[in-house]
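Good morning, and thank you for coming. Please look at the sequence and the structure on the screen while I go through the main points.

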Amino acid sequence: MRKRAQILLGMAAGLIWAVGLLLWTGSAFRPIQWGEPFRAVSSALAPGGLVMLLMIGNLARRRFFDDTIIDGQACAPGSRADIDQKVLTNTMEQLVLAACVWPFVWKAMGADTIYAVGFFFAVSRIVFWLGYHVSPPLRAFGFAAGFYTTVVFLAASTYLDLVR
């Protein structure tokens, strides 16, 4: 299978993952659950934060034992450290996006939903990380599963906010 076909397959699987998670949680059918939004959203972000912590620690370990990058130099293109840096950067970008979007998801769908989204976001980041090391096209599912989940849940919560 060609690289682009693998990437498209991973992206489609990630989108199916996101929609399936929305349907599985039944969030679109539950009313708003009021509570403490900061606590709920920050708790939902915690699993992704823990994965990011592992990524930072792993990259720091690589830098510590490699004289060519120990002082913060750019990693050799295509090296394992370079891959880890790219994964960490993308994870940070997606976690910031999630922090901006998930409060709206919490408001429309409740704390239980946002906790599930946060857990599965962390799983998608691990899949992205592992997939990138195995073969860059395999990272597509992990990327798409995290990104599309945020997009799908934002769209669903926006819709629910409009119809209620």
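This is a predicted model: local features need pLDDT of at least 70, side-chain atom pairs count only at pLDDT 80 or more; totals for chains, interfaces and linings use all residues.

Along the sequence, the pattern reads α-α-α-α-α. As for dimensions, the C-alpha atoms fill a box of roughly 55 × 40 × 20 Å along the principal axes.

Let me begin with helix α3, which covers residues 80-109. Where does α3 bend? The bend is at Val-101 and comes to about 40 degrees, and a proline, Pro-103, follows within four residues. Just after α3, Gly-110 takes a positive phi of about 95 degrees.

Next, consider how α3 packs against α4. Their axes are 10 Å apart, at an angle of about 165 degrees. Angles over 145 degrees count as roughly antiparallel, and α3 is therefore roughly antiparallel to α4. The crossing of these two helices, α3 and α4, is right-handed. Sorted by class, the residues in the contact of α3 with α4 are 14 nonpolar, 6 polar and 4 charged.

We now turn to α4 and α5. Helix α4 spans residues 111-134 and helix α5 spans residues 139-163. Their axes come within 6 Å and cross at roughly 155 degrees. This pair, α4 and α5, is therefore also described as roughly antiparallel. The crossing of α4 and α5 is left-handed. Which residues of α4 meet α5? Among them are Thr-113, Val-117, Phe-121 and Ser-124 in α4, while the partners in α5 include Phe-141, Gly-142, Ala-145 and Thr-149. The contact of α4 with α5 has 9 nonpolar, 6 polar and 2 charged residues.

The remaining pair for today is α3 with α5. Here the axes are 9 Å apart, and the helices pack at an angle of about 25 degrees. Angles under 35 degrees count as roughly parallel, so α3 is roughly parallel to α5. In passing α5, α3 makes a left-handed crossing. On the α3 side, the contact includes Asn-90, Gln-94, Leu-97 and Val-101. Val-101 was also named as the site of the bend in α3. On the α5 side, the contact includes Phe-143, Phe-147, Thr-150 and Leu-154. By class, there are 14 nonpolar, 5 polar and 2 charged residues in the contact of α3 with α5.

Finally, I come to the aromatic rings. How many aromatic pairs are there? The count comes to 10 aromatic pairs. In one of them, the rings of Trp-17 and Phe-120 have their centres 5.8 Å apart and their planes at 75 degrees, so this pair is edge-to-face. Trp-17 lies in helix α1, residues 3-25, and Phe-120 lies in helix α4. The two residues, Trp-17 and Phe-120, are 103 residues apart, and the pair thus links distant parts of the chain.

Notes: Residues are numbered from 1 along each chain as its sequence is written. Side-chain values use heavy atoms; hydrogens and water are left out. Axes are lines fitted to C-alpha atoms, for helices over the stretch in contact, and angles run from 0 to 180 degrees between N-to-C directions. Angles under 35 degrees count as roughly parallel, over 145 as roughly antiparallel, 65 to 115 as roughly perpendicular and the rest as oblique. A crossing is left-handed if the near helix is turned anticlockwise from the far one by less than a right angle, and right-handed if clockwise. Contact means heavy atoms within 4.5 Å. Ala, Val, Leu, Ile, Met, Phe, Trp, Tyr, Cys and Pro count as nonpolar, Asp, Glu, Lys and Arg as charged, and the others, Gly among them, as polar. The bend at a residue is the angle between axes fitted to the seven residues ending there and the seven starting there. Rings of Phe, Tyr and Trp (its six-membered ring) pair if their centres lie within 6.5 Å; planes under 30 degrees apart count as stacked, over 60 as edge-to-face and the rest as tilted.
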